[in-house]
Amino acid sequence: MSANIEELKKQHPPFEVVLGYMHEWAKVGYEGIPADLVDLMKWHGIYPQRPQEDGFLMMRVKIQKGAVNGNTLRTIAGIAEDYGRDFLDVTDRQAFQFHWLTIQDVPDIYNRLDAVGLTAKGACGDTVRAVISSPVAGLDAREVIDVNDLANEIHHHFSGNVEYQDLPRKYKVSITGLPEQEGIHLINDLGFLAHKVNGEVGFDVWVGGGLGAQAHLAKRLGVFIKPEEVLEVAVAITRAYRDHGFRQNRKKSRLKYLIQDIGAERFREIVETEYLNRKLTDGPAAPVARFGGVDFVGVQKQKDGNYYIGVATTVGRITPAKARLLADIAEKYGADEIRTTPYQNLLVPHIKPEFIDQAIEELRQLDLAPNLTLRATTIACTGTQFCRLALTETKARTAAAIDYLEPRFLDLDVPITINLTGCSNACTRYQVADLGFMGANFSGQEVYNVHLAGSLGEAQRTGAKLKGRVPAEQLHIYTERVLNFFKKNKAPNESFVQF
Ligand code: SF4
């Protein structure tokens, strides 16, 4: 990103003028894009892919409340087939990502997305990114409230809104009605967790979470807000960040640095006095996530008596052909809905009891098994295959390691999370996994730094960074040794963070 991005954003307001530029650039090709404006395409979901000179692009598409219908999933598959070299990634922000696009392809892709109500606007850039919402919203009997409508409301207000096109840095929001199971708020700039206080349903609000080279877990604002206040409070907090966030140094511009500097209490005061003109109600903490790092993989009964089936992908990669078949399964046995999860997995809800066996069988044939094995709890970022910032290869290496490890640890009685990234930016959050691997370069070799026993669950902590590093080609062997030691010495049902 250009050093004068703050000026660029003001000279070329990304949501107002950059889309128009892109349509012009599509006519002349990649060489016609002014070098200093290339990175403004981020605001419309697009990054140059590595190596940048080749002129290929990747595009991230936001999935509102993490749910699509079969027709939409087929549209996504069609784009990947026609323009993305038959390649599709599910990201850890419940989005889809295409690769190998050219700027000439972009107008048609946007038209196709638009036709099914999807957008790439705001998927990247210094704005409000895709809102993470619980993948089991409206399904799980344990939830305090169905957050689907609220997630929609937040998405509609912020997505592509010019008022937020020039935030100091990227800004991530999450909402869940099931805080006992989900801890993702800890690593979002703004997180809403539903809970009940004296029988009343409301939200605990967390701010300033974010990983990157310096991991900060979010802090509580100490409030309890009603569901009808969620959007108003989200707007106030986001405006406060927009106006008070640091802008001098992009490495210190996330909300987490403002919270670190002035504290959550002072930030709350700013939000209340300058943006809400009223005090928020004090409130206790919502119950902490017990599992947090574990995905919703497997067959689970819904509150309406139907079932959802969560299936594991391998590092988020699926072929468009599989996506089409998944759409068929959701239509045949469910209610024409497929959800994405923040762990690069997929979920088919509303399966009628009489169709469970057929649905599972067809999913297995797609290699999308509903089992909570290592595959389900392992995520990997884009890495050197496409990412310009990467220092190591990630997806293929992690997939190979999982193929090696999974059959060896089928008998583990607790889930293990493995998060791997290709650099310190932590897109797939290496600091909050049982085993976190951060890609680096050491004496010209690809290596991984190791962070052990981080957790978004009960422990709510970042992992301990070990001295030394693992050569990339030894990743699977190192992991096998750690897990063997754990398996041999742990108590029954003892988790990695408890060990
Ligand atoms: Fe790229 Fe680094 Fe993010 Fe991985 S963590 S996608 S290598 S920037």
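Strands are DSSP runs of E with at least two residues, and they are numbered, like helices, from the N terminus. The model described here is predicted. In this numbering, Pro51 lies in the loop between β1 and β2 (57-61). The peptide bond that joins Arg50 and Pro51 is cis, with omega at about -10°. The phi of Asp86 is near 65°, a positive value in a residue other than glycine. Most residues other than glycine have a negative phi, and most peptide bonds are trans.

Strands β1 and β2 belong to an open sheet of five strands, whose order is β1-β2-β5-β4-β13 and whose pairing is antiparallel. The edges of this sheet are formed by β1 (46-48) and β13 (317-318), each of which pairs on one side only. Helix α3 (residues 70-83) packs on the sheet and touches β4 and β5, and its direction makes about 15° with that of β5. Strand β4 (residues 88-90) is joined to strand β5 (residues 96-101) by two bridges, and the two run antiparallel. Across this pair, Val90 stands opposite Phe96 in β5.

Another open sheet of five strands has the order β3-β14-β15-β12-β11, again with antiparallel pairing. Its edge strands are β3 (67-68) and β11 (298-301), and each pairs on one side only. Helix α8 (residues 320-333) packs on this sheet, where it touches β14 and β15 (346-351); the direction of α8 makes about 15° with that of β15. Two bridges connect β3 with strand β14 (residues 338-340) in the antiparallel sense. Arg339 in β14 is the bridge partner of Ala67.

A helix pair was also examined. Helix α6 (residues 230-244) packs against helix α7 (residues 255-276) at an angle of about 120°, and the axes are 9 Å apart. The two helices are therefore oblique to each other, and the crossing of α6 and α7 is right-handed. The residues of α6 in this contact are Ala236, Ile237, Arg239, Ala240, Tyr241 and His244, which meet Leu255, Leu258, Phe267, Ile270, Val271, Glu274, Tyr275 and Leu276 in α7. By class, the contact comprises eleven nonpolar, one polar and two charged residues.

Leu452 in β19 is the bridge partner of Leu435. The hairpin of β18 and β19 has two residues between the strands, and Ser443 there takes a positive phi near 50°. Strand β19 also pairs with strand β21 (residues 470-471), in the antiparallel sense and over two bridges. In this pairing, Val447 stands opposite Pro471 in β21. Two bridges likewise join β19 to strand β20 (residues 464-465), and these strands run antiparallel. Here His451 stands opposite Lys465 in β20.

The model also contains a ligand, and the residues around the ligand include Cys381, Thr382, Gly383, Cys387, Leu389 and Ala390. Thr421, Gly422, Cys423, Asn425, Ala426 and Cys427 are also among the residues around the ligand. By class, this shell has seven nonpolar, five polar and no charged residues.

How values were computed: Residues numbered from 1 in each chain as written. Predicted model: local features only at pLDDT ≥ 70, side-chain atom pairs only at ≥ 80, totals over all residues. Near = placed C-beta within 6 Å. Nonpolar A, V, L, I, M, F, W, Y, C, P; charged D, E, K, R; others polar. Pairing = 2+ DSSP bridges. Helix = DSSP H or I, 4+ residues; strand = E, 2+ residues; numbered from the N terminus. Contact = placed C-beta atoms within 7 Å. Axes fitted to C-alpha atoms, helices over the stretch in contact; angles between N-to-C directions. Parallel < 35°, antiparallel > 145°, perpendicular 65-115°, else oblique. Left-handed = near helix turned anticlockwise from the far one by under 90°.
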